[in-house]
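Student: I have a model open and want to learn how to read its side-chain features. Can you take me through them one at a time?

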Amino acid sequence: MQMWRWLSAILGAGVLAGTALIVPAAEANAAGAAGAADAAGAADAAAAAVHRGTVPPGHPAVSLPNSSLLTSCGPGDDGTACNQVALTAINQARRALEKLGGLPLSLPAYVKLTPAEQLFVVVNLERTERGLVPVVVLSRSLNAVAQAGARAGSDPAMKTVPRRLPGGGRTVYASANWSGGWINPLGADYAWMYDDGPGGSNLDCRTGTSRGCWGHRDNILNRFGGRASCSGASVLAMGAGHAAAARGYRESDTVLLAGVCGPAPTDAAFTWAKARKLLHVR
């Protein structure tokens, strides 16, 4: 029998929601006290050596709301000009909150991607720029779960996350975010990463000590501790969803990250290797 641990956060303005799933009891015991935050294994050790910025359990001191992002672009505007506004906001927040440089993103190449691919790229840049291991594959199976959430205007339904993915890997950890009304995938990233704590739009972060502060950010930057609970290889996989309208919002975006014991899913819709080549990411 598997037992599942659920953590949830109710967040708002666009509107945001975040949920973190799932550790089978046996896996949690094997992982020990470090759990999903454990940075075991050579890959994480190498990542730690080039760490920059702030990663969980650390957080920025405050949020950095940016009203111009929501007023300068129309809902669903995923063109170059609006993406430049969002990218400028992200880069300003990175410098102000974490003393990080800007995202190494080629906008001409980025705007040619689908929204799901854009979400995949941005999540990976946020991770790798902070020394965390990348998500290796955008899985069609996980996309289906994420897309259903985006169309419903809610978090992806964790009970529908496949326990086995094509290729044979087992899903042992997962986290998911939803945003509504945040213009485009870069806008959603801004909300999840930089407007999610004290002073921001997180409705579950009323005070600086509220449990839900930075919940979306934690979901994106989770280390997952795959090697702590897997007897062999482990990878990170992802699903992403986008809808032009949901629950009255003209932009609905979801991400679903999964820690997988075993090989990478074979139902790749996109890969980090391909994204790096297309976007000239080092």
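Student: Is Phe120 buried or exposed?

Tutor: First, some ground rules. This is a predicted model: local features need pLDDT of at least 70, side-chain atom pairs count only at pLDDT 80 or more, and totals for chains, interfaces and linings use all residues. Residues are numbered from 1 along each chain as its sequence is written, and side-chain values use heavy atoms, with hydrogens and water left out. Now burial. Buried means under 20% relative accessible area, exposed means over 50%, and partly exposed lies in between (1.4 Å probe, protein chains only). Phe120 has a relative accessible area of 0%, so Phe120 is buried.

Student: How many aromatic pairs does the structure hold?

Tutor: A pair of aromatic rings is described by the distance of the centres and the angle of the planes. Rings of Phe, Tyr and Trp (its six-membered ring) pair if their centres lie within 6.5 Å; planes under 30 degrees apart are stacked, over 60 edge-to-face, and the rest tilted. The structure holds 4 such pairs. One of them joins Phe120 and Phe270, edge-to-face, at 5.9 Å centre to centre with 65° between the planes. Phe120 lies in helix α6 (residues 115-128) and Phe270 in strand β7 (residues 268-271), so this pair ties together parts 150 residues apart in sequence. Helices (H or I, at least four residues) and strands (E, at least two) are DSSP runs, numbered from the N terminus. Phe270 is buried too, at 3% relative accessibility.

Student: Which ring has its centre 6.5 Å from that of Phe120?

Tutor: That of Trp272; the planes stand at 75°, so this pair is edge-to-face. Trp272 lies in helix α11 (residues 272-279) and Phe120 in α6, so the pair ties together parts 152 residues apart in sequence. Ring pairs link Phe120, Phe270 and Trp272 into a cluster.

Student: What sits over the ring of Trp214?

Tutor: A charge sits over a ring if NZ of Lys or CZ of Arg is within 6 Å of the ring centre and within 35 degrees of the ring normal. Here the charged end of Arg217 sits over the Trp214 ring, 5.7 Å from its centre.

Student: How many salt bridges does a search of the whole structure find?

Tutor: A salt bridge is a side-chain nitrogen of Lys or Arg within 4 Å of a carboxyl oxygen of Asp or Glu. The search finds 6. Glu129 and Arg52 form one, with their closest N and O atoms 3.2 Å apart. Glu129 is in the loop between α6 and β3 (137-139), and Arg52 in the loop between α2 (42-49) and α3, so the pair ties together parts 77 residues apart in sequence. Glu129 is buried at 15% relative accessibility, while Arg52 is partly exposed at 41%.

Student: Which residue forms a salt bridge with Arg94?

Tutor: Glu126, with the closest N and O atoms 3.1 Å apart. This pair links distant parts of the chain: Arg94 is in helix α4 and Glu126 in helix α6, 32 residues apart. Arg94 is buried at 0% relative accessible area, and Glu126 is buried at 0% as well. Glu126 also meets Arg130 in a salt bridge, 2.7 Å from N to O. Arg130 is buried. Shared partners join Arg52, Arg94, Glu98, Glu126, Glu129, Arg130 and Arg217 into one salt-bridge network.
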